[in-house]
Amino acid sequence: MSERLSAVARDGAQDEPPLVLVADDDEIILGLITYRLEHSGYRVITALDGQEALRLAFDECPDLAVIDVMMPKIDGYQLTRCLRGNVETRELPIILLTARAQEADADLGFEAGADEYLAKPFSPEELRSLVEALLARPRPQGDDEPAGRSSQTVS
Amino acid sequence: MKRPLSLLIVEDSPADAELALVELARHGFDTTAERIGSERELRSELSARPWDIILCDHALPSLSSTDVLRIVHETREDIPLVILSGAIGEEATVEALKAGARDVVLKEHLARLGPVVDRELGDASHRRDDKQFARERSELEAKPPRLDRELHSSESHYRLLFELSPLPMMVYERGTFRIVAANKALVSAYGYTREELLSLSIRDLHPPEDAELLVDVLASSPDSQVRFRSWRHRYRDGTVIDVEVTSENLVVAGRDCRIAVCNDVTGRNRANAARVKAAHDTSVELERQNEQLRVLDALKDQFVSVVSHELRTPLTAIRGYLEIVLGGEPGPLTEEQKRFLEIAGQSSEQLLRVVGDLLLIGKLEAGHLALEISEVDLAALLGRCVVAAQPSADAQDIGLWLMQTAVPPIAGDPGRLAQALGNVISNGIKFTTEGHVEVRLHAEADRAVIEVVDSGAGVPANEVSHLFMPFYRASTATRKAIPGTGLGLSIAKEIIEAHGGTISLETKVGSGTSVRVELPFEVGR
């Protein structure tokens, strides 16, 4: 795991592995993602709804967020738009998760400002490699629009 | 309104004659009467002028009613004769009626006289008309017209046509709207006697509430043209009917008139109204059924969407945790544990395919499938499909053969085509317990033809048309417990058709099934 991390180490966090915020109202999925990411060397903080996720995004300054679309209080699209609209979190890499493999959903996700989009059922390994790739991607400076979009769906 | 009546009374009692006249006046007759008492006077009066009716005392000593009847008969005039009697026996009554008397009125029942005279006048008028028509008809038949002009010039022929027309017809004076002629059909339909009609105006044939409209229309219509209009007419008994009246100008005896044909369309209108109502009811019912179908369809879509969504999340968990456990991170596994978990993994894969199919068929049926078109090498694509299907063929111990000739590339969505052809091939394998499944590819004119021929169970002929319907499962499949959702072929069909191609199937129970897929080299769009 440690060799993987060397590739994704970020400014001002040389000593600590990247922090990933995972938001999903389904604790079982939350547990699965947490296990995969923690066992791949990341630090993970979790939220069971959009409101909690928003608070953690500001308080903990995660390096990346994995957000389920279907959540109570604030859904994934709203949360993404909210994070993109705020100066402190506008650069945060975001992966949206959805159970509805509809093209329209992917469009909605990208419109809201997500960097990546993963449809359920995804494999934990698939998510891990996406997290790794996204953290390694150079962040655009002073650009409102996130760069490099692609959709990944598994059927 | 007084009706003129010329009356000949054979009566020796002036008082009785006067009573009869009073009675007739009471009934509305303006009577011109002559009272006579002898045969000589009778003959003289009969030849002097026409009479409408004769009242005859039965018990005149000098002139019996039988004599009067005989004398009247000799004149060849059809004058109705009514016996007026103070007392008459039954035998004498029968005798008089036999001799040609029209009726017998007892002096003590004089109130009957008016109605009897009324009736007799009407009957006599009909008899005269009938005779006239019979004569004219026989003339017409005896002398067939040689020239149309001859026919046209003959007013009597026209009168005959008017009178014999099965459609009610009348002539009215334009200035006064008085009816001056009515044909038999009108008389018999409207319930008035001819005489009554001739004393009426056409306003009287309309329901009172239409009178104003009638006056307006008649006042505003150009009076020189043929006019056609729907009206309501009223019979004497109050029955109101729908009529279509066609009228045209006509000059009768120097008077400006119009001739009108009154076609009773009440029945037709009622039938039309009933038809319109029936059609309306039918369309309302169809709309209701359509709405029901729309609701059911929306429910089905919602069901498919909810099911696929609700299954996807737990499937993510099942597959995800299996992957982690099988990866060995939580701890080492025994070979047996590993094998069991792999079986669980395969089952979850199967479940996932079903969910994918469900979602796909929903999209296909809604026409939401977007094809990602590129150049497709069908030979290579079929090769991959056969390789992927090989393990299931091996598991059933049957042969899976691919025979192909080179075909030009086609334009299509390689992923979807592989899915469609894969479904057809795996279907063939599923239904084949011994023998083989053969996949063939060749080109025909502008299209590639793929055939998948199996030596399997086949499908009864009456089920063939259902095979491409979503969720339909052949009886051979359910009987032999061959697993499946009944979605494979319907998905294949939707995908092939989205490529502008066709899919068809020939089958025979016991000897196998042959599926033929044709794909055009150019997608037709």
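## Chain A along its sequence

Reading along the sequence, chain A follows the pattern α-β-α-β-α-β-α-β-α-β-α-β. That gives chain A six helices and six strands, where helices (H or I, at least four residues) and strands (E, at least two) are DSSP runs numbered from the N terminus. This is a predicted model, in which local features need pLDDT of at least 70 and side-chain atom pairs count only at pLDDT 80 or more, while totals for chains, interfaces and linings use all residues. Residues are numbered from 1 along each chain as its sequence is written, chains are lettered from A and ligands numbered from 1 in the order in which they are written, and side-chain values use heavy atoms, with hydrogens and water left out.

## Surface and interior of chain A

Of the 155 residues in chain A, 52% are buried; buried means under 20% relative accessible area, exposed over 50% and partly exposed in between, with a 1.4 Å probe and protein chains only. The accessible surface of chain A is about 7000 Å², and carbon and sulfur atoms hold 48% of that surface. These areas come from the Shrake-Rupley method with a 1.4 Å probe; for residues, only the protein chains shown count as cover.

## Two helices that meet in chain A

Now let us look at a helix pair. Helix α2 (residues 27-38) and helix α6 (residues 124-136) of chain A pack at an angle of about 55 degrees, with their axes 10 Å apart. That makes α2(A) oblique to α6(A): angles under 35 degrees count as roughly parallel, over 145 as roughly antiparallel, 65 to 115 as roughly perpendicular and the rest as oblique. Axes are lines fitted to C-alpha atoms, for helices over the stretch in contact, and angles run from 0 to 180 degrees between N-to-C directions.

Contact means heavy atoms within 4.5 Å. On the α2(A) side, A:Leu32, A:Ile33, A:Arg36 and A:Leu37 take part, and they meet A:Pro124, A:Glu125, A:Leu127, A:Arg128 and A:Val131 in α6(A).

## An open sheet in chain B

Over in chain B, five strands form an open sheet in the order β12-β14-β15-β17-β16, with mixed pairing. Strands β12 (399-404) and β16 (502-508) of chain B stand at the edges, each with a single partner strand, so one side of each is left without a neighbour in the sheet. From one strand to the next, the twist averages 15 degrees. Two strands pair if DSSP finds at least two bridges between them.

Within this sheet, β14 (residues 436-444) and β15 (residues 447-454) of chain B run antiparallel and are joined by eight bridges. Here B:Leu441 stands opposite B:Ile450 in β15(B).
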